Amino acid sequence: MSKTALPQPQLDVRHAVSVCVGMVIGAGIFKTSPMVAGALASDTQLYLAWAFGGLLSLVGALCFAEMAAAFPDAGGDYHFLRRAYGQRLGFLFAWSRFAVIHTGSMALLAFVFGDYLAQAIDLSPWLGPYANAVLAAGLILLLTALNLAGVRVGLGTQLGLMSVVLGGLALLGGAGVSLGDMPPQTPLSTAGATPDWGTAMIFVFLAYGGWSDAATLSAEMRDAKHGIARALLIGLALVMGLYLLANWAYLQGLGLAGLAASEAPAADLMRVAFGRGGELLIVGIVTLTALSVMNAILIAGPRTTYAAARDLARELHLGKWNAKRGTPTAAVLATSGVALALVGFGAATRGGFSTMVDYLSPVYWFFLCLSGAAVIVLRRREPDAPRPFKVPLYPLLPLLFVGCCAYLLYASLVYVKAGALVGVAVLGVGAMLLWPMTRKGR
C-alpha cells in the first residue's frame with residue numbers, strides 16, 4: 001500500500017495573506033456599514049466601532065498565530081479545538097463549517113454575485129425568475145473547477161481577485177478625496193440619537209469575520225515558525241486600514257445619516273463622486289469581491305473537512321489528499337455540492353440570504369469563543385510543546401478575546417432570535433451523526 005499523501009510546505013506569506021484578506025473583505029463592508037451607522041450617533045463613534053473591531057480581530061489573530069505555529073495542521077481551528085477539548089467537539093465544529101458556516105456563506109455570496117450581475121446582464125427572458133440562482137450556481141461550478149485544477153491555480157486566482165478587491169476599496173477612498181469638504185449629497189435623515197453598541201458591533205464583526213480560516217494553511221507554509229503569524233497580522237492590519245478608509249469615504253460623500261439610509265453605500269458614493277459610470281464600476285467590483293471570498297472559502301473550507309474526515313475514519317473519501325493537485329479533491333467536491341443545494345433551497349424559498357445570516361452568527365461566535373479559550377487550555381495541557389510564537393500579555397489578551405466573543409454570542413442570539421434555533425438544530429443533527437462514529441475514535 002502506498003504511503004498516504006499529506007499537505008506539503010509550498011506556500012509563502014503572500015498566499016496566506018490573500019486568503020485572510022479574501023475571507024474578510026467581502027460583501028460585509030458594502031452591506032453592513034449602513035447598519036452600523038444607523039445604530040450610532042456620530043462620526044467618531046463610527047470610526048471607534050470599526051477600529052475596535054479591527055483591534056479585537058488582531059488580538060484573536062495573535063491567539064490563532066500561537067496555536068498555528070505550535071500545532072500546524074490543515075484543519076486550522078478544527079485541529080486546535082480537537083486538541084484542546086477532544087475529538088467530539090472538534091468534529092462538531094467541522095460539521096458546523098461544512099453544513100452551515102462555509103457552505104452557507106458560499107451560497108449567500110453566490111446570491112450576492114447573481115443579484116449584482118443580473119443588474120448588468122438581464123437574463124430573465126431566458127431564465128425567468130431563476131436567473132440569479134443560475135448565475136450563483138454557475139459561479140460555484142466555475143470556482144470548483146479552478147480549485148480542482150490544483151492549489152497553485154486556486155491560490156493564484158485568489159491573489160488576482162484580492163488585487164481587484166483592494167483596487168475597489170482604493171476607488172472608494174479616491175471618491176472621498178475627490179469630494180473634499182463638499183456637503184453630503186444624500187438628503188439628511190436622523191441617525192441613531194442613542195447609540196446601540198451591541199447591534200453596531202454585531203455588524204462590524206460580521207464584516208471582519210473569516211480571518212481565522214487562514215490558519216488552515218499552517219501545515220503548508222514554507223516558514224513553519226513565523227509564516228502564519230505574519231500572514232494573519234499583515235492581513236488583518238490591511239483589512240482594518242481599508243475598512244476605516246471606506247467608512248471615511250462614505251462619510252465624506254453621504255454623511256452619517258445618509259450612510260445609515262443607504263441600501264448600497266458604495267454605489268451611492270461612486271454615483272455622487274463620478275456619476276453613472278462610477279456606480280457601474282463599483283457594482284462590478286462588488287461582484288468580484290463576492291467571487292473572491294467564495295474562492296477563499298473553497299480553498300480553506302474543504303481543508304477542515306479533509307482534516308476531520310482524516311481523523312474520524314481514514315476510509316472516507318473526504319479524508320484523502322490529492323498529492324498531484326495539492327488539494328483535498330473529494331472534500332472540495334462535497335463542499336461545492338452542499339453549497340449548490342443551499343442555492344437551490346434559497347431559490348425555492350426566496351429568503352435564503354436573511355435566514356443564513358441569522359443562523360451563521362451564533363454558530364460562528366460560539367466556536368470562535370471556544371477557539372480563543374483553547375490557547376489557555378493548550379498552554380496548561382501541553383506546556384512543553386514548542387511555541388515559536390506566543391501571545392503577548394498572556395493570559396490577558398486571550399481572556400479579553402474570549403470575553404468579547406461571549407458577549408457577541410449573546411448579542412447575536414438576542415438579535416437573530418428564531419434564526420438561532422436553526423443553527424442549534426443543525427448542530428444537533430451533527431451531534432447525532434458524529435457521536436456514534438466517534439465512540440471508537442482515537
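Helices are DSSP runs of H or I with at least four residues, numbered from the N terminus, and on this basis the place of Pro 395 falls in the loop between α15 (352-381) and α16 (396-416). The structure is a predicted model, with an average pLDDT of 78 over the protein and 78% of the residues scoring at least 70. Over residues 186-192 the pLDDT stays under 50, although the model has 13 contacts for this stretch beyond four places in sequence. Where pLDDT is low, the predicted coordinates should not be read in detail.

The peptide bond leading from Tyr 394 to Pro 395 is cis, its omega being near 0°. Leu 393, which lies in the loop between α15 and α16 as well, has a positive phi of about 60° although it is not a glycine. Most residues other than glycine have a negative phi, and most peptide bonds are trans. With a relative accessibility of 59%, Leu 393 counts as exposed, because the cut-off for that class is over 50%.

Helix α4 (residues 43-70) takes part in two helix pairs described here. Its axis and that of helix α11 (residues 227-261) come within 9 Å and cross at roughly 165°, which makes α4 roughly antiparallel to α11, since angles over 145 degrees are classed in that way. The crossing in which α4 passes α11 is right-handed, and the contact of α4 with α11 comprises, by class, 25 nonpolar, three polar and one charged residues.

The axes of α4 and helix α10 (residues 197-208) likewise come within 9 Å, but they cross at roughly 50°, and α4 is therefore oblique to α10. Here too α4 passes its partner, α10, in a right-handed crossing. On the α4 side the residues that meet α10 include Trp 50, Phe 52 and Leu 56, while those contributed by α10 include Trp 197, Met 201, Phe 205 and Tyr 208. By class, the contact of α4 with α10 has eleven nonpolar, four polar and no charged residues.

Within helix α11 lies Ala 260, which at 25% relative accessibility counts as partly exposed. The C-alpha atoms of Ala 260 and Met 35 are separated by 6.2 Å, although these two residues are 225 residues apart along the chain. When its neighbours within four places in sequence are left aside, Ala 260 is in contact with Pro 34, Ala 37 and Gly 38.

How values were computed
Residues numbered from 1 in each chain as written. Predicted model: local features only at pLDDT ≥ 70, side-chain atom pairs only at ≥ 80, totals over all residues. Heavy atoms only, no water. Axes fitted to C-alpha atoms, helices over the stretch in contact; angles between N-to-C directions. Parallel < 35°, antiparallel > 145°, perpendicular 65-115°, else oblique. Left-handed = near helix turned anticlockwise from the far one by under 90°. Nonpolar A, V, L, I, M, F, W, Y, C, P; charged D, E, K, R; others polar. Buried < 20%, exposed > 50% of the residue type's maximum accessible area, 1.4 Å probe, protein only. pLDDT = per-residue confidence, 0-100. Contact = heavy atoms within 4.5 Å.
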